[in-house]
Amino acid sequence: MMQNPYLPYPVDVRKVTLENEAKDIKTFELVFQEDGGKERFAYRCGQFAELSVLGVGECPIGIASSPMDTDSVQFTVKKVGVVTTALHELEEGASIGLRGPYGNGFPMDELEGSNIVIVAGGFAFTTLRSLTNYILHPDNRDRFGELTVVYGARTPGELIYKYDLEAWARREDIQLHVTVDTEHEGWDGLVGFVPTVLGNVAPSPENAFAVVCGPPVMIRFSLPVLAQQGFQASRILNSLEMRMKCGVGKCGRCNIGEKYVCKNGPVFTLEELQGLPQEY
Amino acid sequence: MDNRTIEKSAIAGFLDELLETYQVFAPVEREGILGFELLRGSDEIVLNAHNTRQAPKEVFFPRSETLFTFQEGKIISTPPAEKERVVLGIRPCDARSTIVLDKVFDGDDYQDPYYVDRRQNTLLIGFACGDPLSTCFCTAVGGGPFSVDGLDLLWTDLGDRYLVEAITERGEALITDYPQFGQATAQETNRKAVTAAQATEKVSGPSVEGITEKLDGMYDDPFWDELHQKCLGCAACSYLCPTCHCFDIVDEGTVTSGRRVRNWDSCQFALFTHHASGHNPRTSGKERMRQRVMHKFSYFVENFGEIACVGCGRCVRECPVNMDIRAVIEAIGQAGDGSRISDR
């Protein structure tokens, strides 16, 4: 019997965490209703899934939890469109659908043994948070080199995963640089845009991969900083977003040239992107 | 496998018997539109149909289909399995389109069960095109009016009868069950060869040789600035195209009960790639027209090794502003040096 890729697994919303002051970003902790659901949903960092609110629709969302988190899968969702609004209205205990995981995810085999520089802005931190937590897991930490995280948001209230940021700040094995765009009362951390902070941190490209995810303007100004540091385009990873329906390379709308973001991506090296049309 | 014949007067009887076992899809005119419809009776079939206005892709990939139904947040059912099907009267170009669609829906990684089940469940009886239309250009894109690619049987019109050739074992098995088929003579088989040669001669079209390589370097060419300008963005071309397969998935009903539906969609629509954030990577007709042409003649070739156009000519016939894909192909052959179409 052929597997039907369009059928979502039923999941329960176990916990909802409001992430920001603007109250439009929430993290949903999902648990599978059926035995074996979790195993069928085995995922890698950087993959995404389609979340379903039956009667409303589906939307593709990056997986925010680490594959090491065995009891739940987490998605951080910004309230933007019809489905994300319906998700935001859900209460804990609600039942939704989940299908996936989809996409290539980060090239973990290549990342292992390397120093990792994570550059993230605003709400686009989700799959990079997954990667950070994966690397920091006691079973994995030794298999990676130095871990540097540069993360910024407009205001302190817009920083997401504050509970993770606090926990990471107490650790010795991660260089964490959290910044906000402008001065704020009560904020005694870094102030400045992510590319500026990245320039000051000046991570070494030696045996390193940079993983960049954020708003287009942050990416635009961060890439030259990385290039100046000496990062090769083949060692800079990006995760793209695109309008999607099927998630399995058939519905035809998320392509950039001959590549489908849902299937061949969402993770591309800068070198790969330079070889594709600038249509994203 | 020996060739057979069936007299035209015996077709109704054959269809009546066929309908007892199979769902038969054939050219039928309903509400003034000629398309492949589920045959209600043998008298409905239009035997002398040229390329129908609607492509037979609908037999496998309906305009709108239920993926599943739900109630109170639970999935209730997926559509039941369907009866075996026969498509009678499919033209060789459309038969070749099923091979193109198979590459998408029956991929190495993900199989689309709705499409694949119907494909595996269906026999294709083709009608050779003894009298191709002026808009046909199958020979230019690797096909031909007597091509057997994708077919189980090929029927050739010999006046009062059809010559029946079995292409696959499934096709052979189908006709052995019915008494309407007799042995063909060598003369009848020869007559087909003559018609085939004449028909093939009649079809012409622009060469697509090297088009993929050419397009590879043309993404930023000014060619696209002008090409789209008369296009209305109505997407008739993609709805009628036998190889276009883009779709949308939407929920119908309410949270309490309803169904998830797959509908045809088109890259020619502005909302097709519109993100929830408001960002749109293909903002104007230029990007959308480029996408359609590139997908058929470049991206699809890169991914599957074949052009996603079978030369049926539907988009040429039905475009409200007379956009002619043959002229586009020809213009691509002459473009790529940075010049504008209007400069030539």
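Biologist: What share of the 344 residues in chain B is buried?
Modeller: Buried residues come to 41% of them. Keep in mind that this is a predicted model.

Biologist: OK, and how many helices and strands does chain B have?
Modeller: Chain B has eleven helices and twelve strands. Its radius of gyration is 22 Å, close to the 20 Å from the globule rule for 344 residues, so chain B is as compact as a globular protein of that length.

Biologist: What box do the C-alpha atoms of chain B fill?
Modeller: Roughly 60 × 60 × 40 Å, taken along the principal axes.

Biologist: And what percentage of the chain B contacts with a separation of 6 or more comes from residues 24 or more positions apart?
Modeller: That would be 71%.

Biologist: Switching to chain A. Which residues of helix H6 are buried?
Modeller: H6 of chain A covers residues 194–201, and its buried residues are A:Val194, A:Pro195, A:Val197 and A:Leu198.

Biologist: Why do we say those line one face of H6(A)?
Modeller: Look down the axis of H6(A): the buried residues fall within an arc of 160°, so they line one face of the helix.

Biologist: What covers them?
Modeller: Among the elements covering the buried residues of H6(A) are strands S7 (115–121), S8 (147–153) and S9 (175–180), plus helix H7 (216–229), of chain A.

Biologist: What follows H6(A)?
Modeller: A:Ala202 does, and its phi is positive, near 45°.

Definitions and conventions: Residues are numbered from 1 along each chain as its sequence is written. Chains are lettered from A and ligands numbered from 1 in the order in which they are written. This is a predicted model: local features need pLDDT of at least 70, side-chain atom pairs count only at pLDDT 80 or more; totals for chains, interfaces and linings use all residues. Helices (H or I, at least four residues) and strands (E, at least two) are DSSP runs, numbered from the N terminus. The radius of gyration is taken over C-alpha atoms; the globule rule is 2.2 Å times the number of residues to the power 0.38. A residue is buried if 20 or more other C-beta atoms lie within 10 Å of its own, exposed if 12 or fewer, and partly exposed in between; C-beta atoms are placed from the backbone. Two residues are in contact if their C-beta atoms, placed from the backbone, lie within 7 Å. The arc is that of the directions from the helix axis to the C-beta atoms.
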